[in-house]
Amino acid sequence: MQAKKRYLVVSLGACLLLVAYLWGLQIGEFHHQNHHQHLFRVAQSPGLSLLRQRWPEWTHPLNTYLEDGEQEEDSPLLHHQHTSPRERREIRNNIYKSRRCRMDTCFDFSRCQRGFKVYVYPLLKGETVSESYQKILTAVEDSRFHTTDVNEACLYVLGIDTLDRDQLSSQYIHNVKAKVQSLPTWNDGRNHLIFNLYSGTWPYYTEELGFDIGQAILAKASIDMDNFRPHFDVSIPLFSKDHSQKGGDKGYLTLKIVPPSRKYLLVFKGKRYLTGIGSETRNALYHIHNGEDIILLTTCKHGKDWEKHKDARCDRDNEEYSKFDYQELLHNSSFCLVPRGRRLGSFRFLEALQAACIPVILSNGWELPFSEIIDWSKAAVIGDERLLLQVSSITRSVDHDKILALRQQTQFLWDAYFSSVSKIVLTTLEIIQDRINSHISRNKLMWNSLPGGLYVLPQFSTDAAVFPFYYSSLGKSPSQEFTAVIQAVTPLQSQLQPVVKLIIAVAKSKFCAQIIVLWNCDKPLPPKSKWPSTTVPITVIEGERKVDFAFIVWHSFPDRIVGYPARSHYWDSSKSRWGYTSKWTNQYSMVLTGAAFYHRYYHYLYTHYLPASLLTMVDQMANCEDILMNFLVSAVTKLPPIKVTQKKQYKETMMQQGSKTSRWADPDHFAQRQTCMNSFSSWFGFMPLLHSQMRLDPVLFKDQVSILRKKYRDIERL
């Protein structure tokens, strides 16, 4: 009996030990998986996750280093090293009470049934806003999304300046909590967009905003991954008060710069924080500075009491620091180090992009600007603060072809999304609009290649193959047919009238699918018997094909305007304004759309991208629509139009004084076009038109001269 009891006790003990052992294995495996997943996330910095869908993996050797290299034994949450777990928990609880907010849980889509319209609250009585915030509000109000009807709005932007939430700043706005809660449509922030550049204050610089944003979307600079609500918040870049409102300065990479690499490999010039947040990386930069092709300079001279914390290296560092010019370093280096400062982001990020200096980002936990749409692996090296000593070998391993590709992408991104406050704001709004209309949103190709997502309206199509910009990259070709749009401004009285001749000539083209006549005449629409006998809208008639050559040329340049009569612009220094000229010169910058080919998408873009104010202006004057189309196409393509053969006689005939039928001879018409030039350049924020001296003639195009002279013998009579 005793033996039986002992046997049972031993058996029970063995079972308990086995259960404990198996349980221990499960716990160990759980911790191992969590640890591995977290290290992978840090290694990707920031990593690709199925839920967050940031950018694709960086295929550069940096990934290999981080995935298989050394990992320090301290906490992987190094970017939070200056805050305790309790402090981090309080930040999340106090600032982001709606941590789980996503578009489907914290956004009211029913408000957007009438389209994506954005309302800007008027300033409260006695309130003022900073220069930077005024630029943001102006960008929204100048956009096609703006509405002054609060009931029509899908999204709301505060009139209260929330950009600087550092309590020590002179621009800190008090009582924001009470002010936002008093707004009649606040509704716990639902469908509201809040912009912020600076948060927290000395010494910890947390993401404390000083008020509960509730269910509002946060467009924030230097935002931490742990506080970022994916596919809800928007990470924006930190920009200075001097950042351009519109247009913006151009990037520094030009086609004439060869070789792709520069004088320096890697540079940095900035403050060396002796203590506190951001000090670890900057205090260690001297380890990889070699004074030759790696120039990493820091100075201790900042703050009122820097000498109290002065160390043995400060004097030497300060002396070396003064020997180099910051701009000279930026513009003569292949890579620019972008370490975190007191906050995760810095002005240096945008400065590097503009300078075509590939950013090497050392700011663990930073949700990079517009990470939802931009593939940063094509323009930046994303490193890890703990592996600083590996940066020099990693940058040296990038070949020249890759360096050139990365630098070219920095220029595209700078120009498309970052060169002005308006582009930063519009990109933010377009991202939110794509979320709302997820069934017709832009894909990564559209966001990450020319001309950029701001000029690609998914309402036209979500298929990249139907846009003129992607034909070559997708291996596609434009349609073999065109639609002719002809504007009639005079009554049809004779079969010899120019408009009738034009219809007949166009209808003879083998590529013509249909003709659309825009009747813009004061006289009533004539009966069918007055029109030339063609089988419009679809017609193919054998005979002369004077229009065909221009269409063939357009087929090779489907993203541009290709046509006959050309005009030009110039800067009138005596009046400090842009001028318009029809003088016969060797260069041009516009091709009049009255006789031109261009992709049908530009009609859609013209109608839906440009603001109502410009369209109304053009309609009221019944003038300048051709100039505006040239502005738009050149702004998108960054290229001039293409001119085909045209006789000088054409201009002289059209401009003949005393003509009663031609509006070209009207001096008021010409004065209006001068005004249009300056109104359009003001809205775009820069002059997009570019001069060209190229003219394509049939005798010079592809084939034998004698054959083409016969084939297109009447081209200049058109």
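I began with helix 19, where the face turned away from the buried side carries the exposed residues Ala 612, Ser 613, Asp 619 and Gln 620. Exposed here is over 50% relative accessible area, buried is under 20%, and partly exposed lies in between (1.4 Å probe, protein chains only). Helices (H or I, at least four residues) and strands (E, at least two) are DSSP runs, numbered from the N terminus.

I noted that this is a predicted model, in which local features need pLDDT of at least 70, side-chain atom pairs count only at pLDDT 80 or more, and totals for chains, interfaces and linings use all residues. Residues are numbered from 1 along each chain as its sequence is written, and side-chain values use heavy atoms, without hydrogens and water.

Next I looked up the buried residues of helix 19 (612-621): Leu 614, Leu 615, Met 617 and Val 618. They sit on the same side of helix 19 because they cover an arc of only 160 degrees around the axis, taken from the directions from the helix axis to the C-beta atoms. Their cover includes helix 18 (601-608), helix 20 (625-637) and helix 22 (667-684). After helix 19 I found Ala 622, with a positive phi near 50 degrees.

Then I turned to the sheet, which is open, with six strands in the order 2-1-3-5-7-8 and parallel pairing; two strands pair if DSSP finds at least two bridges between them. Strand 2 (146-147) and strand 8 (234-235) are at the edges with a single partner strand each, so one side of each has no neighbour in the sheet. I also checked strand 5 (192-196) and strand 7 (217-220), which pair over four bridges.

Definitions and conventions
Contact = heavy atoms within 4.5 Å.
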